[in-house]
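Please open the structure in the viewer and keep the selection panel at hand.

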Amino acid sequence: MGAWSRGGRPASVRPMVYDHQSIERRWQAYWEQHETFRAEVDRERPKYYVLDMFPYPSGDGLHVGHVEGYTATDIVARYKRMRGFNVLHPMGWDAFGLPAERHAMKTGVHPATVIANASANFRRQLKRLGFSYDWRREVNTTDPGYYKWTQWIFLQLWGSWYDREAQRARPIAELPIPDEVRAEGELAVARHRDARRLAYLDEAPVNWCPALRVVLANEEVAEKVDDGYEVIRRPMRQWVLRITEYAERLLADLEGLDWPPHVLEIQRNWVGRSEGAEIDFAIAGHGATLTVFTTRPDTLYGATYMVLAPEHPLVATITTPSCRAEVEAYVERTARRSERERQADAQGGKKTGAATGAMAIHPITGAEIPIWIADYVLVGYGTGAIMAVPGHDERDHAFATTMGLPIVRVVAPVDGVPADHDIGKTAFVGEGVAVNSAIIDGRPTADAKRVMTEHLVAQGRGRARVTYKLRDWLFSRQRYWGEPFPLAHRPDGIVVAADELPVTLPEVADYDPSEDGEPPLARATAWKTLADGSTRETNTMPQWAGSCWYYLRFCDPGNGALPWSNEAERYWMPVDLYVGGVEHAATHLLYSRFWHKVLFDLGHVGEPEPFRRLVNQGMILGATFLPLDRRKGDDGKKLVFLPHDVEEQADPDRPGESVWVVRATGERVEIQWDKMSKSRGNVVNPDEVVASYGADSVRMYEMFMGPLEHSAPWQSEGLAGVHRFLQRVWKLFHVTAPEGSTEPDALRPIVDGEGTPRQRRLLHRTIEEVTTRIDRFAFNTAISALMVFTRDLVASDAGADPAEAALPREAARQFCLLLAPFAPHLAEELWSELGHAKTLAHEPWPAPDPVWLVDDTFQLVIQINGKWRAEIPAPKAASKDELVALAGAVDDVARKLDGATPKRVVVVPGRLVNFVL
RNA sequence: GCCCGGGUGGUGGAACGGUAGACACGGGGGACUUAAAAUCCCCUGCGCAAGCGUGCGGGUUCGAGUCCCGCCCCGGGCACCA
């Protein structure tokens, strides 16, 4: 580098005009020292709770994607503070979970140490970006002082049952115990209660991931399968939370939330409500009744066989001796199949199954129809059994075709669509008119469903019913780095709560669960064994546990006696704005809402929903470069070049255009944008860009990229552009020190007041625009208004009004306030240079003066037949007739009109005149 | 397959039913400089032009990127859930 290049500037030359490094350092220290963003309950002021989805503190540090969401919430936090709200804006660490544990296994460093280091790094990075968190409220889910209360909430769940009549959770002590149960003694009462608790032990097939040696919740399976992990079903005894009791409320309460439609849809899909009927079938030669769920009771006459899930409890009792061997083999085989195999078959429409030899009796016709088992019927949904109507259900149709079972039509399409439909070839799944169905013949589907259900109810053979896809939440994990369950198993089999919380994690020598899934805590014998002979539960909670309620702890993080005080919770909750990634739509957001409702039912919180408004930030994409022929490299993977391998060159073929070229070889490559990830090598490190452009530039660039919800490519030219803007702001406030001077830049000459009428109009329009655009979350356009102001406030050197060469003090003052949410460091610096002794963080937000929002004149647009023809300045006060006269007098317009009388003249005052010929 | 959300310059994106492309990036030209960098100023949807332009085709309206109907494409969600 030469003496004059950016890095090696001689000391005699003055420093860069806008020295972001020293400015940012100064104000970050000021905020910290003065506790500028400290929040306390204050009943005199309205509150505003702005929350980020707190991060998992990974060893890789913060990335620019985090920064986008955090900047948006910080803008809102700073803005609301200036609007007089008492703002709660906290940050913490979601620090339990696999990565720290795996790191510990590899390096021998304790997960707590791993987390401490990583979170210290995150905290440093966040502070460097100037976010206005109240750091006194920082929480860490792995801190025993925190997870004590996670365990406490778990005990609330364990200690409750769902009263379906009252539609709410109630303490288990209030559960009515039938006399005959009570008569059987303590153990029977305990069993009766345990079967109804919101947290219960269940021996059921679970999603087991052998590679990770852990069970997965249904919500987690898809993600792990996508990551290439094998997930198999295997029976295990596990803790499960009864979230299904809340299905209806989780669905109904989505109404009225200000959430993205997309997330509402994911939640609705996940809950998966469907209305239908249960129908009871007798089994020939057995006392047992086989109950099925169907959404199409109108197709009952078309049921030609029955199917049970292989795990259905009746399978063992009804299977005939001649079929037993085949059925058992089939049950065995399905139990071992992996999730992936099942999905593959499902996609291919491939059906397998076995006949039980038993026959069901059709509740209306009395016909005997065969009972099969097949794994396309799921044990966890409905009743785990179906009546198969191959004529009108694609899956039943495929199965019937494979097994050679009869197919009959009981619904006819209306309007003859499709006219040539062949029920033997494909199922007709649409609505139509019932046929071949004695009691409902001729009725349209909706009507037929209703009448059939009523008929079944009258006969005592069925009932209307609603079912949900949502399953109970599998809540235990066979890992070390999670919250221990505060429970112990007594020798007599009764489960009891720990007397004292927290139940802390013991030290262990080996973090890995055994191959068959015995948790590492099971080997901590001293910890596990209690004095009275009972043993502690050795599973731990999933990572979601801590994040299910952290927003509540933020209300009162230092409380040692309670998870939160009533006072703090009633004041701060609900969260007014919650910003985070969409990946949590079916997991974290569903789980938190569930816990919150339980806490609400038990009177611990005051509102049924925790998050009033939700916004998902988009992804920031990183660049990689691909050869034009997409050839593979030596390792057999697609050949990829990283940004530092590549440079931009002028395109020799197309002047003015440029192409990407590999520096070493000169080969042309194409740019490709992907989600940033360490493995792709396309990650932008916030530390580096903050060092070279400053936190204010990085914050502003991320907001200027486009709407918050959109994904957008990270382009360093754009960052440089925003940085240039901040330099222009600096220059607006300063006269540059003479060349060679070591003095800092001096403040531009200032005149009192808001300046000339033109400047005042500009100021008030800017206030108006920035305000409405922050309110609308249109931060990119708010920034553009700030850019226009900066460009136009002071007359450029060449010519123009000399009265506008100075900086109007009042305009400068208010501009600092408008800039502050976006570029808080620079705004504070300029504010203090204007002579203010204190931070601007609590200054009132500027209000536009309506007088200056209206111009005396406006640009009148003249249209002919709706097309733009001319534009002239016209007085705002002009009447419609005057406007038409003005418009008609314009030469160009008069010529086009050519003396013709318009059929109609549309006048929109303040905008346009449209002559319709 | 079903359900959401989108398609606007070379790029990111602006536009209460009222001048499409604000503000930026990129590109071009100029000023300053011995020169360059930096900075500042001007131009920049397409077309030689009349004109044409917001995925395509219709419609409503004096006027449609915006509202309605029918398609196409892209992104996302759900999916053996009876």
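Begin by selecting Tyr146, which is buried at a relative accessible area of 3%; buried denotes under 20% relative accessible area, exposed over 50%, and partly exposed the range in between, with a 1.4 Å probe and protein chains only. The model is predicted, so local features need pLDDT of at least 70 and side-chain atom pairs count only at pLDDT 80 or more, while totals for chains, interfaces and linings use all residues. Residues are numbered from 1 along each chain as its sequence is written, chains are lettered from A and ligands numbered from 1 in the order in which they are written, and side-chain values use heavy atoms, with hydrogens and water left out.

Helices (H or I, at least four residues) and strands (E, at least two) are DSSP runs, numbered from the N terminus. Is helix 5 enclosed or open? Because 12 of its 15 residues are buried, helix 5 is largely enclosed by the rest of the structure. Among these buried residues are Trp149, Trp152, Phe154 and Trp158.

At the start of helix 5, display the side chain of Asp143: one of its oxygens comes within 3.0 Å of the backbone nitrogen of Gly145.

**Aromatic pairs**

Next, show the aromatic rings; the structure contains 45 aromatic pairs. Rings of Phe, Tyr and Trp (for Trp, the six-membered ring) pair if their centres lie within 6.5 Å, and planes under 30 degrees apart count as stacked, over 60 as edge-to-face and the rest as tilted. Select Tyr146 with Trp549: the ring centres are 4.5 Å apart and the planes at 25°, so this pair is stacked. The pair links distant parts of the chain, 403 residues apart, with Tyr146 in helix 5 and Trp549 in the loop between helix 17 (544-547) and helix 18 (550-553). Trp549 is buried, with a relative accessible area of 0%.

Move to Phe154 and Trp239, an edge-to-face pair at 6.0 Å centre to centre, with 85° between the planes. Phe154 belongs to helix 5 and Trp239 to strand 9 (residues 232-241), 85 residues apart. Both residues are buried. Phe154 and Trp239 also belong to one aromatic cluster that includes Tyr162, Tyr246, Trp473 and Phe485.

**Cysteines**

Colour the cysteine sulfurs. A search of the whole structure finds zero disulfides, a disulfide being a pair of cysteine sulfur atoms within 2.5 Å. For Cys555, the nearest cysteine sulfur is that of Cys548, 15 Å away. Cys555 is buried at 3% relative accessible area, and Cys323 also counts as buried, at 16%.

**The surface near RNA strand B**

Now select the residues near RNA strand B, that is, those with a heavy atom within 4 Å of it. There are 50, and the closest are Thr295, Lys351, Arg395, Met705 and Asn914. Which helix supplies the largest share of this surface? Helix 25 does, with six residues. Other elements that each supply at least two residues include helix 10 (261-271), strand 11 (289-294) and helix 23 (716-733).

By class, this surface has 19 nonpolar, 15 polar and 16 charged residues. Here Ala, Val, Leu, Ile, Met, Phe, Trp, Tyr, Cys and Pro count as nonpolar, Asp, Glu, Lys and Arg as charged, and the others, Gly among them, as polar. Of the RNA strand B atoms within 4 Å of the protein, 61% belong to sugar or phosphate and the rest to bases.

- Ser274: a polar side-chain atom lies 2.6 Å from a phosphate oxygen of RNA strand B.
- Lys469: a side-chain N or O atom is 3.2 Å from a sugar or linking oxygen of RNA strand B.
- Arg471: a side-chain N or O atom is 2.9 Å from a base nitrogen of RNA strand B.

**Two further stops**

Select Glu278 in strand 10 (residues 273-283). Glu278 is buried at 11%, and a polar contact of 2.6 Å joins its side chain to that of Arg463. A polar contact is a pair of N or O atoms within 3.5 Å; within protein, one must be able to donate a hydrogen and the other to accept it, and residues adjacent in sequence count only if both atoms are side-chain atoms.

Finally, select Arg791 in helix 25, which counts as exposed at 58% relative accessibility. Its C-alpha is 8.6 Å from that of Val729, 62 residues apart in sequence.
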